[in-house]
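Please read it with the coordinates open.

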Amino acid sequence: MTKTIAFANQKGGVGKTTTTVNIARAAITDHGLKVLVVDADPQGNATKVLAPKHQGPLDCSLATVLDKSNSSPMSDAIRVSEWANLDVVPAGSDDLADAAQSLVTMKAGRESRLKKAIADISDRYDLILIDCPPSLDQLPINAFTAADAIVVVAELGQ
């Protein structure tokens, strides 16, 4: 059974992306799992690390999966990463920020768009990790709704 985990914190710079990427790599190397990382942060740092050829605006990305007017299936947005058994759904850069804004004006069900998209492809993966942006807008709300668990990443004080 696929497990979906969201990595979140409203504050930036606490290591959400680093934690997501390191857990993904450990899952494939130490445990032989098939992993999908969903880059739900418009900054796209998880995409930059895991699938650098798929940065910026794209014809198909998480932005197009979530966008109410230009919705595409999650399966079309999945890209192969630099590591075997690790796939990525690229953020889509500023297009993802625009898609998040479009979710604000949607009616009922806007918080479940990512959950529905993941349901269509979850049988392909052992583990799905969602890298959230440093906010509490529609992107992390969608991630929380889609996730089985949420890890709140915090920076330790000195």
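1. Basis. This is a predicted model, in which local features need pLDDT of at least 70 and side-chain atom pairs pLDDT 80 or more, while totals for chains, interfaces and linings use all residues. Residues are numbered from 1 along each chain as its sequence is written, and side-chain values use heavy atoms, with hydrogens and water left out.

2. Fold. The chain has 7 helices and 6 strands (DSSP runs, H or I of at least four residues and E of at least two, numbered from the N terminus). From the N terminus, their order is β-α-β-α-α-α-β-β-α-α-β-α-β.

3. Dimensions. The C-alpha trace spans about 40 × 40 × 30 Å along its principal axes.

4. Largest pocket. Its space is about 160 Å³, taken as the volume filled by probe spheres set on grid points joined across faces, edges and corners. A pocket here is an open set of points on a 1 Å grid over the protein atoms alone, where a 1.4 Å probe fits, with protein on both sides within 12 Å along at least five of seven lines; lining residues have an atom within 4 Å of a point. The lining includes Met1, Lys115, Ser122 and Asp148. Helix H6 (113–119) and helix H7 (138–146) each give two or more residues, and H6 gives the largest share, 3 residues.

5. Gln138. This residue is found in helix H7. Gln138 is buried, at a relative accessible area of 10% (buried means under 20%, with a 1.4 Å probe and protein chains only). Beyond its neighbours within four places in sequence, Gln138 is in contact (heavy atoms within 4.5 Å) with Ala100, Leu103, Val104, Arg110 and Glu111.

Definitions and conventions. Buried means under 20% relative accessible area, exposed over 50%, partly exposed in between (1.4 Å probe, protein chains only).
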